[in-house]
Every structure is written in C-alpha cells, then in structure tokens.
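The sequence and structure are shown first, and the points are then grouped by topic.

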Amino acid sequence: MQLSLSSSATSGIGRARFGVLAMIFAVTVLNYADRATVGVAGPVLSKELGIDSIQMGFIFSAFSWSYVLGQLPGGWLLDRFGAKQVYAWSILLWSLFTMLQGSVHHMGMDAMLFGLPLAVASLFLMRLMVGLAEAPSFPANGRMVAAWFPVRERGTASAIFNSAQYFATVLFAPIMAWIVHAVGWSEVFYFMGALGIVMSVVWMRTMYNSPADHPTITAAEREHIESGGALLSSGKAKEASGPKLGYLKQLLGNRMLMGVYIAQYCVNVLTYFFLTWFPIYLVKERGMSLLNAGIVAALPAICGFAGGVLGGVISDWLLRRGHSLTFARKVPIVVGMLLSTSMIACNYVGIEAVVVGIMALAFFGKGLGALGWAVVSDTSPKEIAGLSGALFNTFGNVAGIVTPIVIGYIVQTTKSFNGALVFVGAHALIAVASYLLIVGEIKRVELKPV
C-alpha cells in the first residue's frame, strides 16, 4: 500500500499543497489542545474551586453550546470572505479567551453570578467564548482541503488534519500536566493562549485560500489539483450574499447527508469523552496521579493518531484499486467504530496496563473511523462548501453539549464511570448502523436553484 500524497509528491508536480496541509494540521493541533485544557487541569481546578461532577460536566459542555450555535454563521463567513482571514481572527480570539480562563480564580468563590460562584460562572462564560471563536475552524479545514487536494488525495489529507486531535493529546497532555503539577493550573491557560496568538500571525502571513491565490505554485501542481476534482477555484464565493434557507432545506432533506450527520454525532461522543472526562477517569476511577494521567493519556492518543492517518491512507488506496467511493470511505469507518466499542471491556478489568491497552485500541479504532470530513469534501455542493461543512459540524458537535453533561450525571449518581463507558461505546455501534443502513451511496449533492 502506497501513501497517495507521497507518491504524487515525488512526481515533480510541486509541493505547495503540502505546506497548506501542514499549517492546517498545526492549527488543528492547537485547536484541540485548547479544548482539552480544562480536562487536563480539571482534577486540580475542580478541587480548588469546589466544583462537583455535574457542574464540571456543564463547564466541559459550555464550549460546544456556542461552538454549535456559531457553525452556520461561521460557514457563511467562510463562503463570503474566505478561510485565510476568517481563520486568522478565529485563532486570535479563541487564544485570548483561553488566556482569560487562567484568571478566573482571582474572582473568588464568595461573589455569585447566575446562582454560581463568580469564578465558576466566569469559567463557564469563557468556555462559551472559546467555542464561539473556534466555530469556523473545521468547516475552514474541510473547505481548504476540498480546494487544495484532488479527490484521490483527499481522504488522506482529511485524515491527516483530523488526526491532529490525537497528536494534540500526544504533544500537549504531558506538557500541560507538567505545568499544572510544577507551576499551577492557571499557567496552562496562559501558556496555550500565548501560543495561539503567535500562531494567528503565522497563519495570516503564510496561508492562501486556494491555488489561484498562491504566488509560487507551479502550473503543473495547479493543473494536478484542478483536473483531479478540487472543489473550489477561488478563495471566496462573492455571490453568496447570505445563508439561503432553501439550500439548508435541501441539505437537511437529503437521506445520505442525514445519515452522515447522525454518524458524526456518534463519533463525536467518543471524541468529547476523550477530550473532557478521560483524564479525570484515569485519576478518579483508576487512581493515577495527575502527572501520570497526563503521560498515560498520550499513549492511546498515539494509537488514535496512527489510526487516523491509516484510515485516510486505506480509503485512498481502495479508491486507487478501483473500488467505489462509497466502499472506500465506509470500510475504515465501520471497522474503526466496531473497534471503538472495546472500551466497554475496561469495566471488567482491574489491571491498569490492560485498561490503557484497551483504551489504546478504542482510540485507534476511533481514529481509523474518523473520515467524516473526507465524506464532507466528497459530498458538499459546490456553491456552499463552507455552509455544508458547518451544518455537518453542527450536528457532530451537539455531542459536545450532551456527552459531558450526561457523563457528569452518570458519575455523580453512580459514583462510577462504568455506565459512562457503556454510553460512549454504544454510540460507536449507532454510527456503524447509520453508515450501513441510512447513508447509502456517497456522492456529490447537486443543489436545485432557489
């Protein structure tokens, strides 16, 4: 099996698109690391601020409330102004609000806001603002991959940027855990916010919306991209004056897309468990120290990263072998989600190393099956690529609202994570059923005039 990106890179076509993909990957690593800051700092933060499991669940979910609400406006902004400018502002704003989270302990626990201690309420509000600022990020990723990569490279390219969520844990979970252990939990937020501010400047100076905008791309590479089915030929859709209700109705009325949306919700249930409660599971349920939990959390994430890249490689390899797009996309997704259900076995194991091994397998499966953004690139209507990706991300990230809260209630009520693992694993099976029974053929959606 050959990696399609590598094989085309050696053909003398040019490499500009790989530089674009590298920046998307780097920004997405930072994106997910900032989402996970509260999860890593959670054991110490919750103890210092007196936050119980239910309150912690709501704080974890705050990001997704605003992230979901910002998806459609964010998608329209991308279609209207292009990914370069919108993404740069997004990175800057979410980084500033990440830094502000580190200051909430100065607000004290005596003053009240919305019936909560001011520090707790402020943390919730800052998480809301981070979510709103990050809303355009993944639709922008999908849009740029669709613009910069031909169909036969798109599965691997999408898998690479999507696997950044695992690499974020590999790279930053040990660093953030060490900062909490050695310095304090507030400093985690200051450190990550400062990195983001630097990244926003780098992004603005180095990125381009499409091959048409790039000053040094070769004619051969541009032809390779466009002739291979790249979706966009310009950075922004100036004719898109605003979100059109008729377009949204067509997307929501499409059975294939609804199956993809349902499956993405289920996949993200797994994502948000690992982003929010997983470090706390290791500390409270498995008795690890915070520092050890930060290191151990990186091990399953390495497997998730490997699975994420491998899923895209396998999918593109199947395409090159002559299989249909539907078969090539569904096989890694179905196999990966079935592997993810293995996490339920942790309820019956008491040996720490075995638990970590099972979670590593589940993480690998989750990565292998996380091809949703490749499917979005394959199916989005040409006229509204940003809006289509935003609608997909809206459905998917409702899981970020539901999952932390449900798990918080399960843990608070049962004093155990056993029910939480069953809840998460069951969603992997629902994702499989959605792709096998609802999605049907995967193909580009053609819009009717409105």
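Helices are DSSP runs of at least four residues, numbered from the N terminus. On that numbering, H10 supplies the largest share of the lining of the largest cavity, 7 residues. The model is predicted.

**H2 and H6**

- On the H2 side the meeting residues are Val27, Thr28, Asn31 and Asp34, and on the H6 side they are Tyr87, Ile91, Trp94 and Thr98.
- By class, the residues of this contact between H2 and H6 comprise 4 nonpolar, 3 polar and 1 charged.

**H2 and H11**

- The crossing of H2 and H11 is left-handed.
- H2 contributes Met23, Ile24, Ala26, Val27, Leu30, Ala33 and Asp34 to this contact, while H11 contributes Met192, Leu195, Gly196, Met199, Val202, Trp203 and Thr206.
- The residues of the contact of H2 with H11 divide into 11 nonpolar, 2 polar and 1 charged.

**H2 and H9**

- Arg17, Leu21, Ile24, Phe25 and Thr28 of H2 make the contact with Glu153, Ala157, Ile160 and Phe161 of H9.
- In the contact of H2 with H9, 6 residues are nonpolar, 1 is polar and 2 are charged.

**The largest cavity**

- The model holds 6 cavities of 30 Å³ or more.
- The volume of the largest cavity is about 230 Å³.
- This largest cavity is lined by 22 residues, of which Ala36, Thr169, Phe274, Leu275 and Pro279 are the closest to its centre.
- Two or more lining residues of the largest cavity come from each of H2, helix H10 (164–182), helix H14 (255–285), helix H15 (290–320) and helix H17 (352–368).
- The lining of the largest cavity is made up of 17 nonpolar, 4 polar and 1 charged residues.

**The second largest cavity**

- The second largest cavity has a volume of about 100 Å³.
- Its lining comprises 17 residues, and those closest to the centre of the second largest cavity are Tyr32, Asn162, Gln264, Asn268 and Trp373.
- The elements giving two or more residues to the lining of the second largest cavity are H2, H14, helix H18 (372–379) and helix H19 (385–414).
- H14 provides the largest share of the lining of the second largest cavity, with 4 residues.
- By class, 7 nonpolar, 8 polar and 2 charged residues line the second largest cavity.

Note on methods
Residues numbered from 1 in each chain as written. Predicted model: local features only at pLDDT ≥ 70, side-chain atom pairs only at ≥ 80, totals over all residues. Heavy atoms only, no water. Contact = heavy atoms within 4.5 Å. Nonpolar A, V, L, I, M, F, W, Y, C, P; charged D, E, K, R; others polar. 1 Å grid on protein atoms, 1.4 Å probe; cavity = no way out; pocket = protein on both sides within 12 Å on 5 of 7 lines; lining within 4 Å. Points joined across faces, edges and corners; volume = space filled by probe spheres on them. Left-handed = near helix turned anticlockwise from the far one by under 90°.
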